[in-house]
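Subject: Structure for you to look at

Hello,

Here is the structure I promised to pass on. Please open it first, then read my notes below.

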Amino acid sequence: MSELVPPFDWHYVVVSTWTESGGYYGWMALMGFLVAATCGLVGNYLILRRMALVGDAISHSVLPGLAVAFILANLAGGGGVGHGVRSPMVMFAGALGAAVVTTIMIEEIHKKTRVKQDAAIGITFSSLFALGVVIISLFAGKAHIDTDCVLHGEITFVPDDLFVMIGGREIAPGPIVRMAGVAGVTVLLIALFYKELLVSSFDSGLAASLGVNATVVHYGLMSWLSVVVVSSFEAVGAILVIAMLIIPGATASLLTRRLPWMMALTVVHAALSSVLGLHLAIWLECSVSAAMCVAAAGVFGAVWIFSPSEGLIRRWAARRADPPLEEPAA
Amino acid sequence: MRHGIKNTPGKGSCAARQRHGAGFPSIGVRSILLRLVVVAFVVCLAPGCLADRIGDLTETSVIDQAARFFSFRDESLRYALLGTILLGVNCGLLGGFIVVRKLSLMGDALSHAVLPGVAIGFLWNMTKDPLAIFIGATIAGLLGALTVSAITHTTKIKEDAALGMVLSGYFAAGYCLTSMIGRLETGNKAGIDHFLFGQAAALNRDDILLMSVVTALTVLCVSLFYKEFLVTSFDAAFARAVGFPATLFHNGLMLLLAFSVVIALQAVGVVLVSAMLITPAASAYLLTDRMHRLLTLSALFGVATGAIGAFLSFLESGLPTGPLMVLAATLVFGMAFLFGPRHGVLIRWWRQRSRGHRVRRENTLKAVYQALERREFKGESVTLLELAQRRRETEEEARQQASALIRNGLATRHGTGEQIVLTPEGWLRACEIVRNHRLWELYLTNAAHIAADHVHEDAEKIEHVLGEDVVRQIERRLDFAKTDPHGRPIPSIDDMRRGAGGLFGRDELVGYGKTT
């Protein structure tokens, strides 16, 4: 056990991270922050619309979209299958296609049959994910599937990536510039369509009377979600991206009931969890992206216990001060 | 070679013995069990029959591979097949309850939440000991389920978000542990990766033994407590009211679910476990309304998809079994979705279409009646022009509708073909519709006190669906009134008979006009 958990050395874990290799770890923390903040902002709407698991579904079903897009891009490029054409445009196109197919499938199963929405989500994402795995293993030769590219990206490699040059000066590693772009567009889109998103999330009747087309908003949100998910893959992978989508918003929702505040707290949560996660990973020498998600869950746990409005302690105190007349049935 | 396949006859007969020992609540459950036992025996006997008949083959073509599959010569194949079939039974049975309780994604959350438990179970003695991993994973899965209910009960966070958080949070913790174990470079950690995607081909005797025990436990629990599970699934409040410990059964179901998720991980992997739980059960849900049939079908679908997945992945090396099983299950679901006899999309579309046709025919009949009524029933034939005017349509549309009536035996052509005459059957149906319409209008104005100029739209819809009993009841309630709110006569049963008799020179008519 002692070799599993290294001793906690304050200077090594916390101080020297920033004093000696600040640049290197700084890029990692920045990438983690960008991913968590972008996902968290989009995730806020998923939580409000009770579609958190649709986010889960899309993050899985993006896989066949990516596989098909790569294969098509390779065929179009004339090269044989297998030379990774990792151009962002191809990835985004595949992801958008997958998101639309997923959304349509869930809606069709849910509306045309008596299968409930949760089962429809389960059927959709698992079958599309399985399809993706089969396509990959058919075309990528007989080798075992490269699980790493699907399930977990790794933030550790981000600082080593090629730096983007502007005017002959190195600005930042490529993934960070791309993620910052996606983050910027996300903020812009939310600012532009704030009213539409807000109204259609809370009151579909009011939305219809104001002339907001709920279907368009729904598909727009799903499409942009798929873009965010794909651009986060490099850092966190298919399963951990769900943590980034849901945990920041859920934490913020325990602290406030106002959407603008919720968004601000989401960003704060993203910053906290990326920095804490980075230190956790340095201490335990484990995967940085997973540690960031654990840190995010940890921050949620702390808020759950200590939240001034509905934390566990507050609830316990309220119960003690004013016990309910009878135990509600469990 | 023979040890692996001996497990199931043991299990099958064991289940059969328990079947006699315990009082079973319904025939349905007994038949489920019987079918499962039959399936288990077929699977076990088949290798014995075929094992030595086919000689050595050089596996070059797909057909040879298929032949080799059905010879069941390879030990790993037998284990894989047995494993996937056991899994199909297990997940199918539990999935039935999960799907009807709207807990579908609980399986998904549990399957991700077990990862830290798998890692800790591995750390216990640094080997891939199935029992240690099983125990660790089950504990982690139950903790995950508890966390979900704690979050939903103590905060305003909804269940979907709680599931997502538990799923990803636990998975992240497990992934941290796994990457720490990877750093140690001691012990045999090769098995850990298989939990992500599953490797049915890597199943060994111990795994199969564990699967058999868990499957037997599931079958036993479901058959012993069928009624209890049924009641708590569909009406938890009623169950509590009559004194069933509903929470206990919910937790028991979660425990079984955790067990089966853990054994399924080896075969299909973390991500696809939920498919094995949801898809066969959802397909069965589209095909039947009875719970015991749902469970039987869902277990059968589970077995079928397991076997198909194992077969397909055997055909081509390098194809993973788990995803193919999932695709087979999705195929079954797709068939049920399209071709289901009661809830299928095609049959619904057809039903909707024929209903639309019937409504249109009935509206045409009504138009013919009204055209005749305008002339105070002088003459029998109605011209297409008259029909078109009444329906406010073109003559061409009227012609089409007239031929629809003729095709259905409700009218015949008259004269040059520009006129139609209703057959007795058509006449009765026309009267019936007009009668429904006018009685309903009168009922709305008299009994529900709705203004006379607001009742037409409603009657226009309901005239097509009112049954004979209801109409007679309304008629009685309205004291056999003669005219509707707009002053037009309501055809009574006597009128209909007399009218039909007068029109066509008959005294007796079968069908609607027959008095009770």
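**Where the chains meet**

The contact between the chains draws on 56 residues of chain A and 55 residues of chain B. Keep in mind that this is a predicted model.

Which elements of chain A give two or more residues to the side that touches chain B? They are α3 (52-76), α5 (117-139), α6 (147-151), α10 (214-253), α12 (288-306) and α13 (312-321) of chain A. The largest share comes from α5(A), with 13 residues. What kinds of residues make up this side of chain A? By class, there are 35 nonpolar, ten polar and eleven charged residues.

**One helix pair across the contact**

Now find α10(A) and helix α8 (residues 159-184) of chain B. Their axes come within 8 Å and cross at roughly 130°. Angles over 145 degrees would count as roughly antiparallel, and 65 to 115 as roughly perpendicular. The angle here therefore makes α10(A) oblique to α8(B). The crossing of α10(A) past α8(B) is left-handed.

Which residues make this contact?

- From α10(A): Ile239(A), Leu240(A), Ile242(A), Ala243(A), Ile246(A), Ile247(A) and Ala250(A).
- From α8(B): Ala161(B), Gly164(B), Met165(B), Leu167(B), Ser168(B), Gly169(B), Phe171(B) and Ala172(B).

Sort the residues of this helix contact by class. You get twelve nonpolar, three polar and no charged.

**Chain B by itself**

Chain B has 516 residues, and 47% of them are buried. Take the contacts in chain B with a separation of 6 or more. Of these, 68% are between residues 24 or more positions apart.

How is chain B divided into domains? The domain assignment gives three entries:

- domain 1 (3-343)
- domain 2 (357-422)
- domain 3 (425-504)

Domains 2 and 3 of chain B deserve a look together. Taken over C-alpha atoms, their centres are 20 Å apart. Twelve residues of domain 2 of chain B are in contact with ten residues of domain 3 of chain B. Which helix gives the largest share of the domain 2 side? Helix α17 (residues 345-374) of chain B does, with six residues. By class, that side of domain 2 has eight nonpolar, one polar and three charged residues.

Best wishes

Note on methods. Residues are numbered from 1 along each chain as its sequence is written. Chains are lettered from A and ligands numbered from 1 in the order in which they are written. This is a predicted model: local features need pLDDT of at least 70, side-chain atom pairs count only at pLDDT 80 or more; totals for chains, interfaces and linings use all residues. Two residues are in contact if their C-beta atoms, placed from the backbone, lie within 7 Å. Helices (H or I, at least four residues) and strands (E, at least two) are DSSP runs, numbered from the N terminus. Ala, Val, Leu, Ile, Met, Phe, Trp, Tyr, Cys and Pro count as nonpolar, Asp, Glu, Lys and Arg as charged, and the others, Gly among them, as polar. Axes are lines fitted to C-alpha atoms, for helices over the stretch in contact, and angles run from 0 to 180 degrees between N-to-C directions. Angles under 35 degrees count as roughly parallel, over 145 as roughly antiparallel, 65 to 115 as roughly perpendicular and the rest as oblique. A crossing is left-handed if the near helix is turned anticlockwise from the far one by less than a right angle, and right-handed if clockwise. A residue is buried if 20 or more other C-beta atoms lie within 10 Å of its own, exposed if 12 or fewer, and partly exposed in between; C-beta atoms are placed from the backbone. Domain bounds come from an automatic or database domain assignment.
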